[in-house]
Amino acid sequence: MREKSKIAKGPLEKKLNRTGWMFVSGASALIIVFTFYPVVDALRLAFMSGKGNQLSFAGMGNFQRMLQDETLKKAFFNTFLYLIIQVPIMLILGLIIASMLQNKDLRFKGLFRTAIFLPCITSSVAYALVLKTIFANEGLFNTLLTKCGLISEPILWLNDAFWSKMLIIIVITWRWTGYNAMFYIAGLQNIEPSIYEAADLDGAGSLQKMRYITAPLLRPVILFTSITSTIGTLQLFDEVKNITNGGPANATITISGYIYNVCFSYVSEFGYASAIALVVVIIIAILSALQMRVGDKE
Amino acid sequence: MRIRKLLALLLAAAAALCLPACGGSTSGSNAGKTADESKTEITAWAWDDNFNVKALRLAKERYEAEHPDVTLTVISQSLNDVVQKLNTAFAAESYDGLPNIVLIEDYRVGGYLDVFPGSLRDLSSIINADDWMPYKLSAFTRDGKIYGVPFDSAVCGMFYRVDFLEQAGYTGEDLNNITWSEYIEIGKKVKEATGVSMLEQTSGDLTLMKILMQSAGTWYVNEDNTSLNIAGNPVIKEAMQVYKDLMDAGIVMNFPGWDEKVRGIQNGDLATIVDGCWISATIKTAEDQSGKWALKPIPRMDHVEGAVNASNVGGSSWYVVDKVANADVAENFLKETFASDTGFLNELVNEIGLFSSHKSDGSFTNYEAQDAFFGNQKIWEDFAAWAELVPQVPYGINTYNIDDIVEEELQTVLQGGDIDAALSAIESRAAQIGQIG
């Protein structure tokens, strides 16, 4: 029967099918070799320990080691600190900027939009170097604050454990706020203006409009941006690597930064690095699921 | 329609074909390719165009003149890139794309020798161990076999600003072979008299710790290169105390990175610099300070037996990757240049300020040159004399990994934490680092 049905297909259809498969095959083969295979292999590696290619099966050894690894704890703490402080600030700021840019009376909208979006398409290495100079001990920012009389001693942005963390938060907020604002602008454009008109007639203030119209109607977009931002923050790497290189004394190191060190800066421990990566994946999955739950309520 | 379909097919085929093309072997390796049939091509990797790479290019000129059948391709790339590529290529046992000759830091090479045995070639036959300072060779000697050819060594010295010290009432003689506690006392006076900091500390840089450890003949690990030697180690304990005393005395200037440090030197923010000999090139970039600098031995640790006024910090050596084609030619290249040609090494003293850790045998005439920048002091002669005193220590394989842990724990000590507790913490954390196999 099968044979028959196969034969029953017209030659053209068959040809089309083949073409389709050929189209997909290249891309799928590449994905399988360069994405799926490494993912599966990393899973295997997570249960191995050792250096370089001299690996042996370690069972849960890597995960036990993680529980005692002070640097890793620091990396987790830092990453979650960035996440908890930076993501809400960035999303709220993005929302505010987006609604300001939606103002009907605003002129040069295009210019502002471009200016807001520009940071996130700047090369991270280039802007890291610039920001490093601005926030140097005797850099522009400290000089400005001193001249204005706001501080008497320069803030050691790159040498102090607390301020270097703040610097990272400032930097990633600067870079990614515009990116998120773009999603909100797109979302806002889909909201029927008549709703706002009706609200105006009812005498709603701008805060109330934000609370009762904009926020609820943008919920899917806010959900999307908060998930991508969470994932992005958990994978934070270049900013920290380029600005502080995890220092001073690992005060700003992120999980990805630590994974990099374990893999490439120190004598390679691919097994341990994979185990950490696996835990990050699980955390991202849990956080995303949580956010979906919260977002889907009502 | 037809054309479109044809195009689609072609595209799909191209995509499918791309795969074997990408994954397939790039036939042989960089090293095996020959531009001209009669020429053997070898490659070498190094970082720092003004120092390592420049030396390599000069060696290439010399060697190619003698061996017209060999072409050496010098590839300059950053230290981080070299390390990352070696780590991954060795682990994957994929030697395509690796060079014949590679420069590796002495602190790091133990990892390659112990974790990837067989990757780097045994060069015992081209190195005469008696010609070199033993502390240099020990970094890449395993079971009596020498795997590298020494390049630069960083014997340490204390560069100081004569004018600042004079303002505080000190002459050069007051700085000769002092201890760290004397150094700190002088530093306080200098700070008082001139407002200038005595020393610098760069974030993420544990140079001083390594200088202190080697000056007293100890390291994070014991002679076996594996077992840890941190908890209860009197040298590291005192080194931490030196750090704390320096900071408490308020005579240390903090820099966030290397660039700021260089700027600080050029601004005249520092009264002394305790570092490897290669820093002299950086100091000399401050041309307006010519004649104001001089050199003395580094301070010695007060309470540690066997501590000397000499140390070493870092340095690199040349290696031959054994499994890349033409390794014999690469070995011969090193043999005839860096391993034996003292005339060439002597030339490099002037060209790049190389201190090679080759024992003085009369051929290093350039060591005798007076340097006007340092008040006509023969600084290389001094370095060569101090190099004889440098204790030999085992670097193990995890120096950089342990450095990061030490830096974290050092912060707790600087904030008033107990040093013994910090040392125990470092040891137990370092013990978690994965073992070989």
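The model is predicted: local features need pLDDT of at least 70, side-chain atom pairs count only at pLDDT 80 or more, and totals for chains, interfaces and linings use all residues. Residues are numbered from 1 along each chain as its sequence is written, and chains are lettered from A in the order in which they are written.

Select chains A and B together. Here 37 residues of chain B are in contact (C-beta atoms, placed from the backbone, within 7 Å) with 38 residues of chain A. On the chain B side, α1 (2–23), α3 (79–92), α4 (106–115) and α15 (399–414) each give two or more residues; helices are DSSP runs of H or I, at least four residues, and strands are runs of E, at least two, numbered from the N terminus. The largest contribution to this side is that of α1(B), with 9 residues.

Next, select residues 110–135 and 270–290 of chain A, which are among the spans listed by UniProt, in an unreviewed entry, as "transmembrane region"; such annotations may be inferred rather than shown by experiment. Residues 110–135 are 73% helix and 0% strand, with end C-alpha atoms 30 Å apart. Residues 270–290 are 100% helix and 0% strand, and their end C-alpha atoms also lie 30 Å apart.

Finally, select A:Asn245, in the loop between α12 (238–243) and α13 (255–265) of chain A. Its phi is near 55°, a positive value in a residue other than glycine. Most residues other than glycine have a negative phi. In chain B, B:Asn376 lies in the loop between α13 (342–352) and α14 (379–387), and its phi is near 65°.

Methods:
Contact = placed C-beta atoms within 7 Å.
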